[in-house]
Amino acid sequence: MLKKIDYFLLCLLIIMNIFSLIGLFNYDKILLYKQIIWILIGIVIILFITVIDNNIIYKNSHIIYIICNILLLLLLFFAQPINGSKCWFKIPGLGNIQISEFTKISLIIFLSDYLSKNNKIIFKSIIIVLIPSILTFLEPDTGAVLMYSIIVLAILFALKISYKWYLGGTLIITSCIFLILYLYFFNINLFIKILGSSFFLRIERLIDWFNKEGMQLNNSMMAISIGGLLGTGINKNLVYFPEGHTDFIFATISSHLGFLGSFILIITILLFDIRIINLAIQSKSKRDSLLLVGFISVLFYQQFQNIGMTFGILPITGITLPFISYGGSSILSYSILVGMYMNIYNKKMVNYLPSRTNGLSFRPLPLVIIASLVTFITGLIYI
């Protein structure tokens with residue numbers, strides 16, 4: 001029997017992929033060709049996932065989770081450092097595979113399956129996230145650790161857990177932040193010894209953001225402003241900044257296509273997110289809804305953070321723009337979730353509210369729309 005596919009979401013995904021290729025067209029032809037390969041493999045993964053049932057993936061989610069943790073451990077011993085971090089395994093001919101991207105997906109799937117059956121076991125959920133968080137932090141990759149945290153917080157919030165857990169978590173996080181800042185300002189040597197030079201540079205970037213300084217930020221803002229209404233065209237790179245194909249691809253696209261192109265991209269991203277949110281609300285399955293909650297939480301965070309840092313509204317953190325920034329790991333890992341989304345969509349669950357069907361309280365649609373528009377409008381005002 002032929003499955004029902006959400007062709008509207010698929011079209012939105014293709015549009016985002018086209019924007020990705022536009023951003024890479026005049027940046028690096030080799031990266032452009034590699035990105036095309038990653039996109040095609042991603043489409044194959046989506047089609048493959050739609051052939052099998054999500055229940056098979058849920059059933060083996062603990063195995064996927066264990067494999068990802070083993071790979072994270074192997075990275076610490078065998079991976080070659082790149083920019084001071086052991087985050088990637090090298091694949092000859094294609095590039096590097098970032099294991100934390102797949103760990104992120106394994107957490108969403110495993111937690112969705114586990115908490116749909118055991119929604120009161122909060123402590124074990126924290127342990128599930130803590131293990132890969134420690135391994136990833138040792139690489140170090142603090143951005144991925146932050147995304148792990150966002151995933152578990154979003155899923156737990158959807159389950160209506162006691163606010164005492166959030167209060168306790170807030171106190172712990174606040175204490176850690178104060179300790180980190182104390183070491184940074186009063187004992188730099190101990191800071192670097194404990195947290196590493198990579199994390200030190202991240203704090204430096206945060207300070208630059210507070211002071212509105214830094215070459216990356218200044219050149220990003222300049223590239224966006226040069227784009228004007230219609231852009232400079234895809235054959236011109238008038239402003240150079242590092243990571244224009246990953247962290248700052250939105251600035252690259254804005255420079256090439258101007259305000260009009262940026263606006264179309266923002267609308268495409270919004271429609272893509274809203275589509276996922278609507279299905280999360282309509283789904284009668286708690287497990288499927290939790291999966292989509294985890295999906296949209298980390299997806300929206302990356303979108304909001306990446307575009308926000310491009311405008312200078314948020315600090316530069318090295319977070320990429322899903323489906324648009326160059327990178328096979330991100331495309332392939334998110335393709336798994338898109339395939340699972342298609343399977344959930346195939347069930348034709350409509351006209352059901354989570355409060356009546358699966359007990360979830362997830363209502364982020366107004367937040368997504370408002371926050372995205374605020375990011376975009378504030379960025380234009382700032383320019």
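Visitor: How many residues has helix α13, and what span is expected for them?

Guide: This is a predicted model, where local features need pLDDT of at least 70, side-chain atom pairs count only at pLDDT 80 or more, and totals for chains, interfaces and linings use all residues. Residues are numbered from 1 along each chain as its sequence is written, and side-chain values use heavy atoms, with hydrogens and water left out. Helix α13 covers residues 286–311 and has 26 residues. From first C-alpha to last it reaches 37 Å, close to the 38 Å expected at 1.5 Å a residue. The expected span is 1.5 Å times one less than the number of residues.

Visitor: Why is isoleucine 128 called buried?

Guide: Buried means under 20% relative accessible area (exposed is over 50%, partly exposed in between, with a 1.4 Å probe and protein chains only). Isoleucine 128 has 10% relative accessibility, so isoleucine 128 counts as buried. In α13, 23 of the 26 residues are buried.

Visitor: What makes α7 and α13 oblique to each other?

Guide: Their axes cross at roughly 135° and come within 9 Å. Angles under 35 degrees count as roughly parallel, over 145 as roughly antiparallel, 65 to 115 as roughly perpendicular and the rest as oblique. Therefore α7 and α13 are oblique.

Visitor: Which residues of α7 make the contact?

Guide: Leu146, Met147, Ile150, Ile151, Ala154, Ile155 and Ala158 do. Contact means heavy atoms within 4.5 Å. On the α13 side, Leu290, Val293 and Tyr301 are among them.

Key
Helices (H or I, at least four residues) and strands (E, at least two) are DSSP runs, numbered from the N terminus. Axes are lines fitted to C-alpha atoms, for helices over the stretch in contact, and angles run from 0 to 180 degrees between N-to-C directions.
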